[in-house]
Amino acid sequence: MLETLTVKDAVELAVVERNGFVESRHAGAAVMLSPEGEVIVAHGNAQALVLPRSSLKPLQAVACLTAGSPLAGEQIGLSTASHAGTDRHTEVVRGMLVDGGLTEDDLGCPPDWPTDSATRNELVRENGEPARIRMNCSGKHAAMLRACVATGWSTHDYLSPDHPLQLHIRDVVERLSGEKVAMTAIDGCGAPVHAITLIGLARASHRIGAASERSPFALHRVAGTLVRTVREQPWTIDGPGRADTLAIEKLGVFAKGGAEGVMVMIAPNGTTVALKTLDGSLRARTMVAATMLARAGAVTDAQVADLAAALPLAVHGGGTVVGAIRPGAGI
């Protein structure tokens with residue numbers, strides 16, 4: 001039986017407070033590693049298995065790049081993104097495809113509307129339709145296709161768990177996490193997503209965050225370039241005004257959220273947080289991770305306060321702010 005996160009394994013990560021009354025509580029598990037990669041804080045069962053969802057994208061991107069995907073600059077940022085589907089994002093993804101002799105029809109992700117509301121509204125006004133390239137994972141899929149083209153692997157079945165690219169991704173996940181993949185599921189975009197422990201996810205993220213572009217090892221050089229690129233161009237990984245982009249801009253971290261309440265956040269000094277909310281809620285994860293980093297001294301309280309002011313954490317009543325979503329007292 002797979003050991004997934006359960007109620008008895010979880011702790012309170014965040015609360016929703018209205019006029020001083022705690023209206024809701026978000027339970028889950030979180031783990032923090034020191035700059036040296038040692039566990040310094042664990043809340044709940046960090047040995048429980050999780051599906052990292054889009055928090056796996058940095059590992060998948062590193063695998064694509066080491067497999068030969070010839071990307072540079074903002075294309076690297078889009079390879080690890082859950083982007084908002086803006087015209088700027090899709091222009092980069094389209095370029096990734098064209099440079100490899102590919103088209104949008106080669107993408108295996110499903111058609112979708114942009115998550116950026118202004119872009120979506122404009123498309124609706126123009127009688128547009130959902131498109132594969134607007135799907136938030138299209139950059140990851142373009143990177144996978146470019147790796148296949150560069151290596152000579154087939155592209156029509158690149159999402160099959162037995163495809164050489166997916167086997168290479170699985171190997172990279174195991175090498176960076178230091179553990180065997182417990183099982184493989186299919187993510188919302190159609191790509192394989194691998195179950196590893198929460199601490200394994202933290203370990204893999206820490207190794208990416210600590211990687212040097214001057215390393216003698218290609219995997220580490222690629223990882224170092226990816227992290228630097230995203231920190232320099234935070235719009236690529238998410239979108240203007242969106243949580244991951246804001247965290248990178250305000251804190252200088254590398255942040256990558258995943259569906260069902262997963263988050264990894266790596267401070268400039270290498271301190272790393274990985275967490276999972278038990279109910280799958282996304283609304284508190286960024287602040288929980290940021291608060292944990294602040295309590296370890298990896299970012300400042302002032303930076304976290306600045307981030308909190310930019311995130312949609314206010315609780316409203318009658319048109320006024322009457323409370324807030326905030327990290328639990330024990331975090």
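This is a predicted model: local features need pLDDT of at least 70, side-chain atom pairs count only at pLDDT 80 or more; totals for chains, interfaces and linings use all residues.

Reply: Residues are numbered from 1 along each chain as its sequence is written, and side-chain values use heavy atoms, with hydrogens and water left out.

Me: How many residues does helix α5 have, and what span does it reach?

Reply: Helices are DSSP runs (H or I, at least four residues), numbered from the N terminus. The expected span is 1.5 Å times one less than the number of residues. Helix α5 (residues 138–151) has 14 residues and reaches 20 Å from first to last C-alpha, close to the 20 Å expected.

Me: Why is α5 described as largely enclosed by the rest of the structure?

Reply: Buried means under 20% relative accessible area (1.4 Å probe, protein chains only). Because 11 of the 14 residues of α5 are buried, the helix is largely enclosed. Among them are His141, Met144 and Cys148. Just after α5, Gly152 takes a positive phi of about 90 degrees.

Me: Which residue lies over the face of Trp235?

Reply: A charge sits over a ring if NZ of Lys or CZ of Arg is within 6 Å of the ring centre and within 35 degrees of the ring normal. Here, Arg88 lies over the face of Trp235, at 3.7 Å from the ring centre.

Me: How many aromatic pairs are counted?

Reply: Rings of Phe, Tyr and Trp (its six-membered ring) pair if their centres lie within 6.5 Å; planes under 30 degrees apart count as stacked, over 60 as edge-to-face and the rest as tilted. The count by this rule is 0.

Methods: Helices (H or I, at least four residues) and strands (E, at least two) are DSSP runs, numbered from the N terminus. Buried means under 20% relative accessible area, exposed over 50%, partly exposed in between (1.4 Å probe, protein chains only).
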